[in-house]
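I am opening a notebook on this structure and will write down what I look up, entry by entry. Each entry starts from something I wanted to find in the sequence and the model shown here.

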Amino acid sequence: MTAHNALIVDLPPLPPLEEQLNLNGVAGLGHVLAPGEIDVSHGAILYLEDVTVSFDGFRALNALTLSIDVGELRCVIGPNGAGKTTMMDVITGKTRPDAGRVFLGQTLDLTRMSEPVIARTGIGRKFQKPTVFENHPVWENLELAMKTDKRWFASLRARLDAQAQARIEETLELIRLQHEATRLAGELSHGQKQRLEIGMLLMQQPALLLLDEPAAGMTDHETMELADLLNKLRGSCSMMVVEHDMEFVAALAGAFGKVTVMAEGRVLAEGSLDEVKRDDAVIESYLGR
Ligand SMILES: Nc1ncnc2c1ncn2[C@@H]1O[C@H](COP(=O)(O)OP(=O)(O)OP(=O)(O)O)[C@@H](O)[C@H]1O
Ligand SMILES: [Mg+2]
């Protein structure tokens with residue numbers, strides 16, 4: 001049992017999820033679901049089937065079907081306008097699909113949940129631009145991120161302090177900002193801010209992390225540091241990474257990791273990076289000859 005789990009057992013039991021979600025669509029979930037509370041008995045953490053999104057008749061997503069295995073780090077590539085960001089908008093409840101099914105694990109129908117409730121199911125999203133509290137020190141950014149997790153907020157103060165401190169230190173080390181802990185977040189480099197924001201998401205112990213072009217604007221060195229970080233997170237959460245930088249994708253996918261190529265709102269190809277790179281349709285629509 002992890003230190004974090006030890007904290008949870010003191011809290012009163014939660015009402016069944018259905019009951020919490022029945023609060024007129026308002027964020028009913030009082031805590032973030034632990035990964036163990038998501039039914040992944042069939043192996044998938046995320047499942048999209050025939051998802052269609054139209055904007056004034058234009059199909060940004062066109063019967064998109066895709067599934068991510070629990071613990072997987074999936075890279076998604078594809079040309080501009082392929083629908084990659086729209087897909088993340090659908091998963092996080094920002095955009096409602098016109099048709100199709102979107103499930104977290106076996107049982108959580110994301111199309112029926114509000115954006116804040118989806119956030120509490122354990123889906124963390126990283127947007128392209130870093131969003132950190134610029135006027136607060138690095139460590140306080142992590143503390144603030146943790147406090148939005150009610151499990152910590154509601155628990156005993158004394159234990160919270162000791163354990164929270166340990167979590168913050170652990171995360172600082174993971175995102176390699178342990179020497180910047182007292183600096184204002186606004187003073188960090190672009191790459192450091194991106195890692196800090198990922199650290200903030202990690203404070204919530206997400207089951208699934210969605211990262212939309214996290215390496216954009218980074219130097220080559222920062223890009224490889226980010227790849228290292230995401231590779232280290234393998235096993236602790238499932239991840240979906242949308243990216244154009246092929247060296248970054250190669251560093252994440254390795255020889256065997258599955259890469260999804262999207263085009264025109266659907267999956268064009270799926271397979272190892274080498275396989276999709278050799279795919280005629282992919283060469284035609286994305287990589288070029
Ligand atoms: N809110 C919206 N209203 C109208 N059209 C939209 C909206 N959001 C996205 N689109 C359109 O849907 C298509 C898919 O856009 P999306 O941003 O999902 O692509 P993407 O794959 O993320 O591209 P990029 O690689 O450039 O980020 C585009 O043609 C875009 O113009
Ligand atoms: Mg996009």
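This is a predicted model: local features need pLDDT of at least 70, side-chain atom pairs count only at pLDDT 80 or more; totals for chains, interfaces and linings use all residues.

**Entry 1: the whole chain**

I began with the contacts, and I note that 68% of the contacts in the protein with a separation of 6 or more are accounted for by residues 24 or more positions apart.

**Entry 2: around ligand 1**

Which residues are around ligand 1? I listed F55, A60, G78, N80, G81, A82, G83, K84, T85 and T86. Sorted by class, this shell has 3 nonpolar, 6 polar and 1 charged residues. I also looked up where the shell comes from, and its largest share, 3 residues, belongs to helix α3, which covers residues 84–91.

**Entry 3: strands β1, β4 and β5**

Next I followed strand β4 (residues 99–104) to its partners. Strand β1 (residues 44–55) is joined to β4 by 5 bridges, and the two run antiparallel; in this pairing I found T52 opposite A99 in β4. On β4 I also counted 2 bridges to strand β5 (residues 108–109), again with an antiparallel run, and here F103 stands opposite D109 in β5. β4 and β5 form a hairpin with 3 residues between them, and G105 in the turn has a positive phi of about 60 degrees.

**Entry 4: helix α8**

I then turned to helix α8 (residues 190–202), whose 13 residues reach 19 Å from the first C-alpha to the last, close to the 18 Å expected at 1.5 Å a residue. Is this helix mostly covered or mostly open? It is mostly covered, as 11 of the 13 residues of α8 are buried; among them I noted Q192, R195, L196, I198 and M200.

**Entry 5: the loops on either side of α8**

A181 lies in the loop between α7 (157–174) and α8. I recorded A181 as partly exposed because it has 15 other C-beta atoms within 10 Å, a count between the cut-offs of 12 or fewer for exposed and 20 or more for buried. A181 and V138 are 43 residues apart in sequence, yet 5.0 Å apart in space, C-alpha to C-alpha. Leaving aside neighbours within four places in sequence, I found A181 in contact with P137, V138, W139 and L172.

Q205 sits in the loop between α8 and β7 (208–212). Q205 counts as buried because it has 20 C-beta neighbours inside 10 Å.

I placed E213 in the loop between β7 and α9 (220–232). Why is E213 partly exposed? It has 19 other C-beta atoms within 10 Å, whereas buried would need 20 or more.

Technical notes: Residues are numbered from 1 along each chain as its sequence is written. Chains are lettered from A and ligands numbered from 1 in the order in which they are written. A residue is near a molecule or strand if its C-beta atom, placed from the backbone, lies within 6 Å of it. Helices (H or I, at least four residues) and strands (E, at least two) are DSSP runs, numbered from the N terminus. Ala, Val, Leu, Ile, Met, Phe, Trp, Tyr, Cys and Pro count as nonpolar, Asp, Glu, Lys and Arg as charged, and the others, Gly among them, as polar. The expected span of a helix is 1.5 Å times one less than its number of residues. Two residues are in contact if their C-beta atoms, placed from the backbone, lie within 7 Å. Two strands pair if DSSP finds at least two bridges between them.
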